[in-house]
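Welcome! Please take a moment with the sequence and the model below, and then we can walk through a few places together.

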Amino acid sequence: MSMITERPVSNSAGQPPVRAAAEAPAAGRRDVRAVISAYVTLTKPRIVELLLVTTVPAMMLADGGMPSLWLVAVVLVGGSLAAGAASVINCYIDRDIDELMRRTKRRPLPAHTVSPRNALIFGLVLAVVSVALMAAFTNLLAAGLTLAAIAYYDLVYTLWLKRTTTANTFWGGACGAAPVLIGWAAVTGSLAPAAWALFAVVFFWQMPHFYPLAMKYKDDYARAGIPMLPVVASARRVNAEIIIFAWLTVASSLAVWPLGMSAIYGVPTLVVGGIFLVEAHRLARRVSRGQAVKPMRLFHWSTTYLTILFAAVALDALI
């Protein structure tokens, strides 16, 4: 409730505080919008969006064209709820360290906009609904993979790996790559070599994608006691891993080409893969030379790279 609604405002004739009464409903609407916004923020919509970018093209490739719009809608809704559930529970578990990091201290839990209990209930409800939706309208393999992805991300990665090992990003990569398998399984009820190849692309991509972000917020992670690789390892080690995993990402993307893909996929994949490698080596070179480092350049380009690659997957499947 705003301060205006709590303080009477009288006019010169001593009439009732009309302004305060009129503003009370508006303040109430603002409060409702703020609460809704806080719950949406807990689901980390940008992460959900990125995951869906990989899911639909995988479904199209599995189908050899465009799957039924009903199935696509079910997987999009179920996948969004699952990713949102994993993120909400992640926020619940990480609320202690989020308070210590500048990047995360304004999230709803450290900002006390949403209570931990309500956040946990919200996350669990989203998880149950997402898995039930996938089980009812796709198949048990897709539903099982959805449940496994949520559990792995929150119980294995967030609760354990993130706080205990420098390999947390590597092992946590399986969660980010899971939507490819889920989308494929929803269409076919099985997993083919092409599905695993696309899984490998997203899995390896997450190191050169996330390490630059961890470099930028290294002090934040150090303050929270999180052993992200840039916090505890030398710059040479971080550079080496960025380059190795960037090459593995591109190699995996090219391994998809002979698995039923055409030049519609292969040519753009070669082009954006080349640019991706150039950016990875450029970042490593600047760090090794002690020059001003701009890690977010690679971070943002890696997102563009993945989007273009999976757009090529979708286009190839349609044509």
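Glu 49 is exposed, as its relative accessible area is 55%; exposed means over 50%, buried under 20%, and partly exposed in between, with a 1.4 Å probe and protein chains only. You can find Glu 49 in helix H3, where helices (H or I, at least four residues) are DSSP runs numbered from the N terminus. Between the C-alpha atoms of Glu 49 and Leu 76 there are 10.0 Å, although 27 residues separate the two along the chain.

Before going on, please note that this is a predicted model, in which local features need pLDDT of at least 70, side-chain atom pairs count only at pLDDT 80 or more, and totals for chains, interfaces and linings use all residues. Residues are numbered from 1 along each chain as its sequence is written, and side-chain values use heavy atoms, with hydrogens and water left out.

Helix H3, which spans residues 45-63, also holds Thr 55. Is Thr 55 buried or exposed? Thr 55 is buried, with a relative accessible area of 4%. Apart from neighbours within four places in sequence, Thr 55 has contacts with Val 75, Pro 179 and Gly 183, contact meaning heavy atoms within 4.5 Å.

Now let us turn to a pair of helices. H9 (residues 193-216) packs with H13 (residues 263-288) at an angle of about 35°, and their axes are 12 Å apart; axes are lines fitted to C-alpha atoms over the stretch in contact, and angles run from 0 to 180 degrees between N-to-C directions. On the H9 side, the contact is made by Trp 205, Pro 208, Pro 212 and Met 215, while H13 brings Phe 276, Leu 283 and Val 287.

Methods:
Helices (H or I, at least four residues) and strands (E, at least two) are DSSP runs, numbered from the N terminus.
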